[in-house]
Amino acid sequence: EQVPGWTEASNYGRLTTEAALGTSIQTVSKDQVRGQDAAMATALEFAQDGCKVIIGAHITHRKAYLGLNNTEYWNSDIKFVLGGEKNDPLAPPNVGLCFPKLFEARYLAGMVAGYMTETNVIGYVVSIRIPQTIRQINAFAMGVRLVNPTATVVMFMTGDFNSFDEDPKVGRILLRMGADIVTQHTNGLGLQALFHENGKFSMGIWSNYAANLARGDMVLVSTLNEWGNCYTSYVQQVIFDEWQPDQVFFKGLADGYTDISSFSVRVPLRFQANVLRKRQEFLDGLQLFCGGEKGMYDQDGNLAIAAGKCLTNEELELRSHMDFLVTGIDNRGLYEDPQCQNDTISQYHTNGTLLGCFPCGEGMVKVEGDDICMCSPGYAQSTSAGGSLVCTPCQAGFAQAQPGQATCEPCGIGYFSEGEAATECTACPLATYNPREGQSSCMACPQNQTTSFRAADKLEHCVCVRDFIISDPANDSCSACPYVETKLTAVSPEAAAGAAAECSRLSNCAEVTQRGVVSLRLTRRLVGPRAAA
């Protein structure tokens, strides 16, 4: 699936290859290919459609070539290009790998973070501890400390690249610890959005996150996987029949395999200039993981890289050479959800340690399936200067039906809310109306008047009550209706029939209509001892 980050960058690489080779090639793509089985099935479909190069855009596509096993295409001239730093030893020779040295761009992003942090606490969320993730956080921390030796990079691991639920939970701990910048080695935008909501900065990975977030200006810079050059190189080998088996293109800035995005306008130009000067050093061949004159040491003082030695590409991929953390990284290990029950949530000390599970405060409810509180319905949600949740009850005339909302909505015309913290507005009852928004009560109709429906919103909806009629249109006053009274004596059935007819002629039925609404009817009325006649 094309999402911001790894797979989005891979698709940009496909488009870059199209642009580079023009009419020499034609590409097709398929998204929502999730997992190894789906990748294998899709690879077979592409082979059947005549594709000569099949590119896997995700780590779960690394064995897509197995989809051709036991088919006529297994020993064909179809080639696979997959993202990865180390080849599967069981892979056939028609598989080539691309892997940018993203850690070089991470170093540059670390410089930006070191310049821009005000709290000297920078959050970094890692998926799992492997050479790829370790060399990147090391490079990032080295860049931070180059320009800001007092800053600390706080590292949490989630255990999964797709830690969409865990990322925001870790992010809230980092905010509590004072982090004002965050970056990650996981998929998804939740962590970034959380920091932006709290007025803090972030940094993207693999593709330009600024283009995918509402507050793109809060993304200081993104580190980019530039797959296009690698894809183009492999496709050209196929076109010119120059394919080499078991290839791994593990290259960096100098070869156009990685880079940084444009800077946010919030990064001062003097900082940008310094970062770009360091970028030029990478373009000129600077190697990062070298011992130099005195050797490189881990944060515990152990020698990690001997003096005068630089790690080779092969060594950069090995845990035996790349499992150390440099000075400046505060490793908090694997995040474990405290699994707070019922209406309680976890709370953390400013040093990042768990204090325990505590109930949400007054006017708050726990977010279902998450470890945070939000304001209850009937309250407006905001954040204090110190980052605490503030829930303000809706005032009379306003209401909010949903939890966690920033504002209360005014009651519309024809409705009202009488007290504070209303979750919904009430329709004006009969005999009342409300022509304005945001009211705590409704206005009463004039004397002897009512409405024919609830939620009336204007005086014109008031009409005379039963047996009353407008007597003075100038002031909408109503008075009782008159009626005709006749007294007749029936001496025989025939006479009674004549009397009834006479009565009918004397007091015809009258129907009174006011403002389009039938409000009353004047009916025949007979009185006296013989009224039934």
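Me: What makes strand 2 (residues 79-83) and strand 3 a pair?
Reply: Four bridges join strand 2 to strand 3, and the two run parallel. Two strands pair if DSSP finds at least two bridges between them, so strands 2 and 3 meet the rule. Strands here are DSSP runs (E, at least two residues), numbered from the N terminus. L82 stands opposite L97 in strand 3. This is a predicted model, in which local features need pLDDT of at least 70, side-chain atom pairs count only at pLDDT 80 or more, and totals for chains, interfaces and linings use all residues. Residues are numbered from 1 along each chain as its sequence is written, and side-chain values use heavy atoms, with hydrogens and water left out.

Me: Why do strand 1 (53-56) and strand 9 count as edges?
Reply: The open sheet of four strands has the order 1-2-3-9, with parallel pairing. Strand 1 and strand 9 each have a single partner strand, so one side of each is left without a neighbour in the sheet.

Me: Why is the aromatic pair of F99 and F250 called tilted?
Reply: Rings of Phe, Tyr and Trp (its six-membered ring) pair if their centres lie within 6.5 Å; planes under 30 degrees apart count as stacked, over 60 as edge-to-face and the rest as tilted. F99 and F250 lie 6.0 Å centre to centre with 50° between the planes, and the pair is therefore tilted. F99 is in strand 3 (residues 95-100) and F250 in strand 9 (residues 248-251), 151 residues apart.

Me: How do you know whether F99 is buried or exposed?
Reply: Buried means under 20% relative accessible area, exposed over 50%, partly exposed in between (1.4 Å probe, protein chains only). At 5% relative accessibility, F99 therefore counts as buried; F250, with a relative accessible area of 4%, is buried.
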